[in-house]
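Please look at the sequence and the model first.

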Amino acid sequence: MTLDAKIPSGPIEQAWDKARFDMKLVNPANKRKHSLIVVGSGLAGASAAASLGELGYKVKCFCFQDSPRRAHSIAAQGGINAAKNYPNDGDSIYRLFYDTVKGGDFRAREANVYRLAQISVDIIDQCVAQGVPFAREYGGTLDNRSFGGAQVSRTFYARGQTGQQLLLGAYQALERQVHARTVTMIPRTEMLDLIVIDGQARGIVTRNLVTGKLSVDIADAVILASGGYGNVYYLSTNAKGSNVTASWRAYKRGALFANPCFTQIHPTCIPVSGDYQSKLTLMSESLRNDGRIWVPKMKGDKRPPNEIPEDERDYYLERRYPSFGNLVPRDVASRNAKQVCDEGRGVGQTELGVYLDFSHAIARLGEHTIRERYGNLFEMYQRITDEDPYKVPMRIYPAIHYTMGGLWVDYQLQSAIPGLFVLGEANFSDHGANRLGASALMQGLSDGYFVIPYTVGNYLATNKFAQVDEAHGEVRNVVASVQQTIDKLLSIHGKRTVDSFHRELGRIMWDYCGMARTAPGLETAIGEIRTLREEFWRNVTIPGSGSDLNQSLEKAGRVADFFELAELMCIDARDRNESCGGHFREEHQTPDGEARRDDEHYSYVAAWGYRGPGNPPELTKEPLEFNYVHPSQRSYK
Amino acid sequence: MKLTLEIWRQKNRKEKGAFVSYPMENVNPEMSMLECLDVLNETLIERGQEPVAFDHDCREGICGSCGFLINGVAHGPQRATTVCQLTMRHFEEGQKLVIEPWRAAAFPAIKDLIVDRRSFDHIIEAGGYISTSTGHAPDGNAILVGKEDADQAMDAAACIGCGACVAACPNASAALFTGAKIAHLGILPQGQPERDRRALHMVAQMNAEIFGSCTNIGECTGACPKEIPLEVIAAMNRDYLGGSWRKHDNVETTTIASAEDWGTD
């Protein structure tokens, strides 16, 4: 099998213009004859559904939450990048493109990243027009701040709630289309399978989470914007409901899963405090603008932080990376935190933590300024830890945050199944092996507002759609298989809860497929995952029925898919004999502990295909070409 | 620590609910209220009983999914905190916590602590937006917004749509929720062209959803986890009055939430 990424020929600056010109259009009167399904209502899904509704398509948008406004994009704190160069500090589309390709450790597709950088400026305009209350200067212009992996200030923000405000903008645009009757919003409903007929994605099977009823929806194309899979680790900064099910069922129906082992571990989260812990809380990367990260120089130093004199502190990021300092990319910051903790210099009860200290910034700028910039984050920290970060340094530790891997898509954001498009975190396309801060919001909105409205139109204009209804044999097969899985889960009546399995799976993934990976470790993980999965299908217990609101059943279906994904992640991580970005293989590092890529052998996207239960997945490689940003060892020193 | 949870259990909208008492041993004071319910649910499931159903998602206090009354107080005793971020250290050894869902006609019961808040979406649908389609926008800096205005708009826009304001209000009014959106968009220059229509349509929809009227009690802002100021209700009333005076177009409302169902009937 070969993969055609459909990258337009010619200079990269003109690629998107050329692609748009080459696309076929659907005439306005014909648009309402086409029906589209959007799964997910986060930044990518809501912006896609709203924009497609505005164009006149008949759109159905599904989310598992009670309202589209709950999608986890809402929790993004720090900001959104755009190459506006308002601060006059040397930014440009090319520089954002360059930083993103380099930040992704040369494992992203250049053409996609360039388009993302181009579109970034339109996103800000769009959001301002919607009334997103971005931070402003006194003169009324938009304010910017800095983020990791960049030496310019290009991050737009709305206090520490940028994701919330951008999502509410997209949600409001979506509700406007609901009012206009172009979009039907279907909340509390979960996609459980994809319907593929004659090689085209033609619909989905869903379960109403209140009544348990299974339904079939048929459309001319299906757009997945169902987010990332960080919850395979159980503890992550993802929302509790975030799951891989929609993507995974599409994978099992013929879509390819690309670079599943590329996961992002965010350096600044509140450390784990106990076994009961249900999730990890992120402290925005923007805090690294003014906070300084340090640990004691001495091992096992138990003194409270304020009693450790300045010359006995190790500001290890500033020491090792003088030019980027505390603003190194996330993968680098996380790995360094792990390293100092492994050396026995970690802080807090568990010794799995480092200090993020604002005392210098408060002395320099005053408490008022710090409160204005980060007040809500400081409050959140205090609420959870009962410590006052204005007085004592925060304790932070890395946690699973984002997944760069996802379903393989071409330049048009179409998966290997014609008619199945994948947007936002659910696809693999723009971040390579590491995502820079404030780039997720940019990608979600770029895909939804500005890419999919063109590419889906081209697909509709160039394909024919046979009449399909619920009586179609293939539709009935898919529904029957969904029902069978539900019945099977409910009939096990074992002894262990779904969460106990999920927690154990997460532990395996964190230990062997987390911040540092080794070939033998990944082998061990694959064995343990298989054993645990076998026990799951024999010993899980799910009270209640399938024809009712049943949160245990919902979780069980998601965890069943996480088991299968976990194995694929370990296979991918084992197969990639190099270190790059968030994928750190201990066997492949430079003498000073930095990631060592192997461009000669691994400069490709690993796209995995499903070959049936019990069979190993099939690897197809999409070679990556770098014609503009030439691969070099990333240096932030 | 030891606690007793008295939790409202209700199988579905049609069946009657009742409080059930669950003694809890070994509650870690560092865990959140929702993690305490997780612990309870694990033991219920192990005993083959149905766990307590409750809405939750981000557990960072921003998605607005979670929320219930604890001893009659929406989101419990701590100021500006949702139940997902409320740690158990705020309770005393041996305390009894009565936990029940939001009670409002516009929020029909679904199961246990879960209620149907689609009425909030309907209010936004009626006009809680700026009518601009993708691609129409001028350059971001072409629209100047003074810092004070941007900050004030942000204060109102911080609403998470959890429903605590309605639950706290003796009249079950949604004035704080509706006012927050009207104020957010009404303060900004982008929001001016539709300012009258927005207030008229959103208020009409709010009334159609059978939320109660606001009588300026102020419980809503006290319970609000984002501390949305009471002034947004004044902003709503002012815009509504202005809109009524200038008599813009006829106001239609969309379907009433409680008339819809999830397909059980």
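In which sense does helix 3 of chain A pass helix 6 of chain A, left-handed or right-handed? The crossing of these two helices of chain A is left-handed, a term used when the near helix is turned anticlockwise from the far one by less than a right angle.

The model is predicted, so that local features need pLDDT of at least 70 and side-chain atom pairs count only at pLDDT 80 or more, while totals for chains, interfaces and linings use all residues. Residues are numbered from 1 along each chain as its sequence is written, and chains are lettered from A and ligands numbered from 1 in the order in which they are written.

Helix 3 (residues 43–55) and helix 6 (residues 162–179) of chain A pack at about 35 degrees with axes 8 Å apart; axes are lines fitted to C-alpha atoms over the stretch in contact, and angles run from 0 to 180 degrees between N-to-C directions. Helices (H or I, at least four residues) and strands (E, at least two) are DSSP runs, numbered from the N terminus.

Chain A also holds an open sheet of 4 strands in the order 17-11-19-20, with antiparallel pairing, where pairing requires at least two DSSP bridges.

Strand 11 (residues 257–258) and strand 19 (residues 604–609) of chain A pair over 2 bridges, and A:A258 stands opposite A:A607 in strand 19.
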